[in-house]
Number of protein chains: 2
Amino acid sequence: MRASSPERPSRGSGVPTPRRRRASGRGSAEHDGAPRGIPEASIARLPLYLRALVAMADRGITSVSSEELAGASGVNSAKLRKDLSHLGSYGTRGVGYEVDYLVYQISRELGLTQDWAVAIIGIGNLGRALANYGGFATRGFRTACLIDADPNQVGQRVSGLAVRHLDDLEALIAEHRVAIGVIATPAGAAQEVADRLVAAGVRSVLNFAPAVLTVPPGVELRKVDLSTELQILAFHEQRRVSAVAFEAAANAVVPDDVGDVIDAELGPVAPAASGLRV
Amino acid sequence: MRASSPERPSRGSGVPTPRRRRASGRGSAEHDGAPRGIPEASIARLPLYLRALVAMADRGITSVSSEELAGASGVNSAKLRKDLSHLGSYGTRGVGYEVDYLVYQISRELGLTQDWAVAIIGIGNLGRALANYGGFATRGFRTACLIDADPNQVGQRVSGLAVRHLDDLEALIAEHRVAIGVIATPAGAAQEVADRLVAAGVRSVLNFAPAVLTVPPGVELRKVDLSTELQILAFHEQRRVSAVAFEAAANAVVPDDVGDVIDAELGPVAPAASGLRV
DNA sequence: GCGCTTTTGTGCGCGTGTTCACAAACCCGT
DNA sequence: ACGGGTTTGTGAACACGCGCACAAAAGCGC
Ligand SMILES: NC(=O)c1ccc[n+]([C@@H]2O[C@H](COP(=O)([O-])OP(=O)(O)OC[C@H]3O[C@@H](n4cnc5c(N)ncnc54)[C@H](O)[C@@H]3O)[C@@H](O)[C@H]2O)c1
Ligand SMILES: NC(=O)c1ccc[n+]([C@@H]2O[C@H](COP(=O)([O-])OP(=O)(O)OC[C@H]3O[C@@H](n4cnc5c(N)ncnc54)[C@H](O)[C@@H]3O)[C@@H](O)[C@H]2O)c1
């Protein structure tokens, strides 16, 4: 692959020479001819590495091996090395990686050497928590505006920023050059808000509402779904209980309803509710 | 595989007749701890289907095809069918799926026919939002206790529930039979809280703190990482900009429109900040 | 009963991601 | 200069999940 690469910027002289990745052959009939190449799965882990590296830098650590960094990030070291190799050949064999240098390279790859303006739409429980959260600002994101549809919310100050009305959405997006829209409205309003954001030029959306949104191609949509996370945990919890119950039932004569056996275990608070809610 | 299966419960007479699935009873001698192997990826989508199905049921829809349900869930219909096939053969060829019946089956599989007690640890911005959120209770989860280390927080009522002190964690877990622990403390405290939860018997943990946690095998750990989500979006945003810039550079002859496009497009607020933060 | 239509359930090829394991590269002491 | 010790970068095998495409079932009209 890159074995034939001429040579990498020798780090001795300090300033790194950003190298553009070549559009890996593969005549895939994919969308945009972007300088493709770095796997989505790897990208999703870069923030993890970055966080661990920054923590190390704070502790005064200047050099780190893939094994150490992998441990701190909770991943396999081979995976870590392969992930980093997608950015370039930034390590030193027999030594490891220089922390500062790697922090810079990952930051650059993730686009964190710039500030991105973020708009939060829906300033309720969750939107307010997000607005008050200091962790974003320190990581390259600037909460540029807060938007809500409720006239009672409009004008209130949250974390030093005034809540603006939904009517001004388009103007605010343009004014602040908002790049990322965060949707924290009720599910029913989410699609409409997304549509307006996209129409206003936003091409990155993070959705917290429990709704399936559709956006045109070219717009990046990610979602955070808390209910789903809990439900996945519930599945494993139940499976664990059933496994025990199953074993127990193997001895007894199973009548018709296995369910009764299950809730004998320490699991749920309420005895197997008859009516299903959800 | 099971094509030659002798016969499955024929629900020919139209009526749902909720039928319990075979407890892996058939002659097969596969007896491991886990009764069955339903792929993790499928499980993660079940809540999505469930949500769509419930919405349909509310609208009075009683029957749905895989194509329709897949559309409403934003997934490929073949994938949907394969996912559902892991639960059993609950559809009717040529017709589709009965909404109520499917809601029941998925709920059962996810363990949502029971209530699970949830503890939230760290009642700050985020923990408070979670505690105030009504969406959990309606989906089989009951916020059983709120725990914080700050004496000033202790005793306050949030959403009708008094905040308790961290010292009582073990007692509260036992008392309420907490099955799921939600960590919303600062990152520095997360591992310690997780350790105490696990020691107290909790085997499902949802972590919001930006920290890599380790839990013993057998404990299910999931995380929600908002900063990471934003950083992934930032990556795509940046890639998009570079792609345009790249193209512009290639066609250096016509810089006119392209250059404007870049500027006009929502770029970073600050022109490539010199200092990297993160 | 029979053929026609519809839709499920799934076999199969494919691409993506993960992990192992090892040669190449580098540092350092002698 | 050189050899020994260490760690990277990556080829290759493996595992997994996705989606196409199709035969098998079910319903329906006649
Ligand atoms: N609070 C949580 O912990 C939590 C957890 C999981 C999911 N969610 C989801 O996040 C979203 C927000 O939750 P929340 O608890 O903050 O709800 P909330 O009701 O407290 O806040 C919603 C806010 O959105 C505003 N709003 C309504 N329609 C709007 C529109 N069209 N445009 C702009 N603003 C609008 C409302 O005025 C309100 O201020 C919901 O979809 C919820 O399901 C929240
Ligand atoms: N607020 C957000 O929108 C947001 C977004 C992303 C991530 N997070 C993460 O979620 C976590 C909570 O965020 P927040 O904004 O609510 O912070 P916060 O500072 O408002 O709240 C933290 C709470 O945890 C309590 N606490 C501290 N140590 C504790 C301990 N050992 N045991 C129990 N409670 C303890 C504090 O008293 C405080 O009430 C943080 O790790 C943060 O990084 C928050």
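Colleague: How far does a polar side-chain atom of Gln153(A) lie from an oxygen atom of ligand 1?

Modeller: First, the ground rules: this is a predicted model, where local features need pLDDT of at least 70 and side-chain atom pairs count only at pLDDT 80 or more, while totals for chains, interfaces and linings use all residues. Residues are numbered from 1 along each chain as its sequence is written, chains are lettered from A and ligands numbered from 1 in the order in which they are written, and side-chain values use heavy atoms, with hydrogens and water left out. A polar contact is a pair of N or O atoms within 3.5 Å (within protein, one must be able to donate a hydrogen and the other to accept it, and residues adjacent in sequence count only if both atoms are side-chain atoms). For Gln153(A) and the ligand 1 oxygen, the distance is 3.5 Å.

Colleague: Which chains does ligand 1 lie between?

Modeller: A residue counts as near a molecule if one of its heavy atoms lies within 4 Å of it, and 25 residues surround ligand 1. Among the closest are Asn125(A) and Tyr133(B). Ligand 1 lies between chains A and B.

Colleague: Which element gives the largest share of the shell around ligand 1?

Modeller: Helices here are DSSP runs (H or I, at least four residues) and strands are too (E, at least two), numbered from the N terminus. The shell divides into 18 nonpolar, 5 polar and 2 charged residues; Ala, Val, Leu, Ile, Met, Phe, Trp, Tyr, Cys and Pro count as nonpolar, Asp, Glu, Lys and Arg as charged, and the others, Gly among them, as polar. The largest share, 3 residues, comes from α7(A).

Colleague: On to ligand 2: why is its site called shared?

Modeller: Among its closest residues are Tyr133(A) and Asp148(B). One ligand oxygen is 2.9 Å from a polar backbone atom of Asn125(B), and a ligand nitrogen is 3.3 Å from one of Ala149(B). The site is shared because the residues surrounding ligand 2 come from chains A and B.

Colleague: Which residues line the largest cavity?

Modeller: Picture a 1 Å grid over the protein atoms alone: a cavity is a set of points where a 1.4 Å probe fits but cannot get out, and lining residues have an atom within 4 Å of a point. Points are joined across faces, edges and corners, and the volume is the space filled by probe spheres set on them; the largest cavity holds about 80 Å³. Its lining has 9 nonpolar residues, 1 polar and no charged. They are Leu226(A), Leu230(A), Val118(B), Ile120(B), Leu130(B), Phe136(B), Phe141(B), Thr143(B), Val182(B) and Leu206(B).

Key:
On a 1 Å grid over the protein atoms alone, a cavity is a set of points where a 1.4 Å probe fits but cannot get out, and a pocket is an open set with protein on both sides within 12 Å along at least five of seven lines; lining residues have an atom within 4 Å of a point.
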